[in-house]
Amino acid sequence: MRSLFDRNRVWREKKVKESLVERTRKKLNCSSVCARVISDRYGSDFERSELLHSSSGEPPEGAIHPPETLKGLSPAVNRLIEALEKEEKIFVHGDFDVDGLSSSALVYRGLKSIDETPGPGTVKVDVGSRNFGHGISRNVSSRLLEEDFDLLITTDCGVRGAEEISHLQDFGIDVIVTDHHEPGEDLPPALAVVDPKRKDSSYPNPYLAGAGVAYKLVRGLQRELGLKIPANRELLQLAALGTVADLVPLVVDGEDENRWLVKAGLDNMSKAPLLGISALLGETGGEKEKITPETISYRIAPKLNSANRVGDPQVSFLLLATESERRARHLAKTLIDYDRDRSRSQDKLIRRAREKLDDRGFDPKEKSLVFVSGENWNQGIIGLVASRLSSRFGLPAVAVSREKTRIRGSARGVDGVNIVEGLEKCSQYLIRYGGHEMAGGFSASVSSTTDLQECLENWASQQSLQGGEEAREKLLDARLDPVQASRNLYNELEGLEPFGKGNPKPRFWMTELNIVSARRVGNSKKHLKMKLAGKDEVLDGIGFGMGENLPTLQNERKVNPVFTLDLNDWRGQKKIQLKLEDFLS
Ligand SMILES: [Mn+2]
């Protein structure tokens with residue numbers, strides 16, 4: 001099925017076995033639409049899908065896997081207990097992105113909250129900086145040696161840090177790696193390596209974020225010590241923060257530990273947010289509200305990240321670690337300053353990039369990749385530029401900063417085009433590169449810029465020739481009759497929240513509706529407000545950013561909307577409305 005507005009946008013209904021839908025419906029006693037959505041995400045794993053409707057604030061038994069089943073965790077916990085007994089000096093080194101910050105804060109708070117004696121001795125935390133790159137830098141290991149630390153715990157990094165780790169172990173500093181990145185051929189020679197991506201791992205959820213792994217470490221320690229810390233309300237918030245910000249999938253083939261971590265963390269965040277989070281939200285004018293994954297993605301994470309782009313990442317760590325309201329307010333103000341600066345620099349660079357493309361006569365219809373470069377562009381910002389260009393043109397995009405002898409770049413992929421494959425294909429022109437499907441970074445010598453651009457453009461044009469249409473197809477969960485778009489269905493689907501990566505909000509479609517009314521609303525008439533009618537029902541619809549499609553729709557006799565279900569709160573009256581995304585031709 002194709003979009004009414006864009007022939008290249010293809011929709012397909014997910015296939016789910018009817019017999020499974022029927023079994024799920026009977027087992028869970030829910031509507032057939034809800035059963036279809038659950039069958040698609042959970043298959044026949046009824047044990048896990050039955051948990052969906054348990055509604056306490058804490059993850060039910062069975063939803064969260066025991067930490068001990070994670071390879072490397074037992075030696076890590078034993079070593080930590082030894083460190084506590086001897087009141088050793090412990091250093092925590094995390095990555096500077098939100099997942100790394102959350103992981104470090106989680107381990108720090110976890111250790112500091114142990115108030116039995118002997119408790120932890122000195123615990124120091126450093127979250128590195130963009131200048132030294134991701135992972136354990138020589139800078140960090142020198143500091144550990146100089147300041148005479150006994151133990152290093154890495155969070156959200158380290159599994160590729162063999163060189164520095166062996167250096168530290170040689171000098172008698174034990175290293176516990178907690179990470180969730182793909183290890184290389186061999187594991188680093190650390191005392192313990194906790195990483196669900198280890199080849200010998202049999203842990204059921206390989207998709208833990210760095211903060212998820214950090215949570216497991218602290219949970220394992222608490223269990224081993226026999227501490228009665230029932231809910232870990234604060235630590236779960238940090239686990240949720242990293243899990244959402246790092247875009248790891250919440251549900252994969254019915255495995256939904258990440259979804260539970262996020263659910264529990266968000267519940268606690270809504271009720272009693274960490275002082276730092278509350279200060280950050282307070283500063284941006286929000287009142288106490290239900291915190292959702294969107295709150296993290298749009299209002300919390302960008303501010304925490306602005307510190308590593310245009311400021312000092314340690315500020316973000318301190319905000320997540322602080323127990324003082326005054327300090328939290330002060331740190332939040334600093335972050336909001338950083339974020340304003342980030343936003344200005346970003347706008348400026350994007351404008352310059354657009355000018356460069358215009359000067360060159362860049363035509364997105366003729367190209368398969370956007371490539372733009374400039375003199376001394378801010379390293380912390382070029383990723384945001386690439387990402388904006390990529391979504392503006394619907395193409396993979398590369399933004400490059402030229403320094404004296406080398407260039408450093410940031411690349412973004414699109415659905416169905418894996419950008420790191422592109423970097424791999426052109427690696428003969430690169431000094432270093434890394435990343436994942438949707439985002440990558442690299443450095444190269446200035447002299448190879450033109451070759452690199454040509455190589456990446458060639459690669460991208462082959463990708464789009466190979467179609468990739470199937471990969472770009474967007475999926476629909478079910479076709480609804482107008483009468484099914486009910487409050488009841490909405491409530492049933494709430495059991496599947498929180499929605500996010502790997503667990504999208506269920507998307508539906510209807511056919512042959514009449515347009516009762518339709519008008520453009522909002523600032524500059526960007527949005528579309530409609531009333532649509534089936535045989536007996538009239539449904540409200542809102543399409544954000546869809547205003548310009550109004551004339552096309554008015555030419556149609558009947559329309560077929562694609563939408564998610566939304567609950568509109570109008571003067572205290574809650575009413576179902578269709579959140580329109582597209583119309584099928
Ligand atoms: Mn991470």
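So, α8 and α9 are roughly antiparallel to each other, because their angle is over the 145 degrees that counts as such. The angle comes out at about 155 degrees, with the axes 7 Å apart. Bear in mind that this is a predicted model. If you want to find the pair, α8 covers residues 210-225 and α9 covers residues 233-245.

What meets what there? From α8 you have Gly-210, Ala-211, Gly-212, Tyr-215 and Val-218, and they meet Leu-235, Leu-238, Ala-239, Leu-241, Gly-242 and Thr-243 in α9. In that contact, seven residues are nonpolar, four are polar and none is charged.

Okay, on to the sheet. We've got five strands in an open sheet, ordered β7-β8-β9-β11-β10, and the pairing is mixed. At the edges sit β7, residues 370-375, and β10, residues 432-435, each pairing on one side only. Ignoring direction, neighbouring strands in this sheet are turned by 15 degrees against each other on average.

Let's zoom in on one pair. Strand β8, residues 397-402, and strand β9, residues 406-412, pair in the antiparallel sense over six bridges. If you click on Val-398, you'll find Ala-411 of β9 standing opposite.

Then there are helices lying across this sheet. Helix α14, residues 325-359, lies across β7 and β8, and runs at about 115 degrees to β7. Helix α15, residues 379-393, lies across β7, β8, β9 and β11, running at about 150 degrees to β8.

That's my bit, thanks everyone.

Conventions:
Residues numbered from 1 in each chain as written. Predicted model: local features only at pLDDT ≥ 70, side-chain atom pairs only at ≥ 80, totals over all residues. Axes fitted to C-alpha atoms, helices over the stretch in contact; angles between N-to-C directions. Helix = DSSP H or I, 4+ residues; strand = E, 2+ residues; numbered from the N terminus. Parallel < 35°, antiparallel > 145°, perpendicular 65-115°, else oblique. Contact = placed C-beta atoms within 7 Å. Nonpolar A, V, L, I, M, F, W, Y, C, P; charged D, E, K, R; others polar. Pairing = 2+ DSSP bridges.
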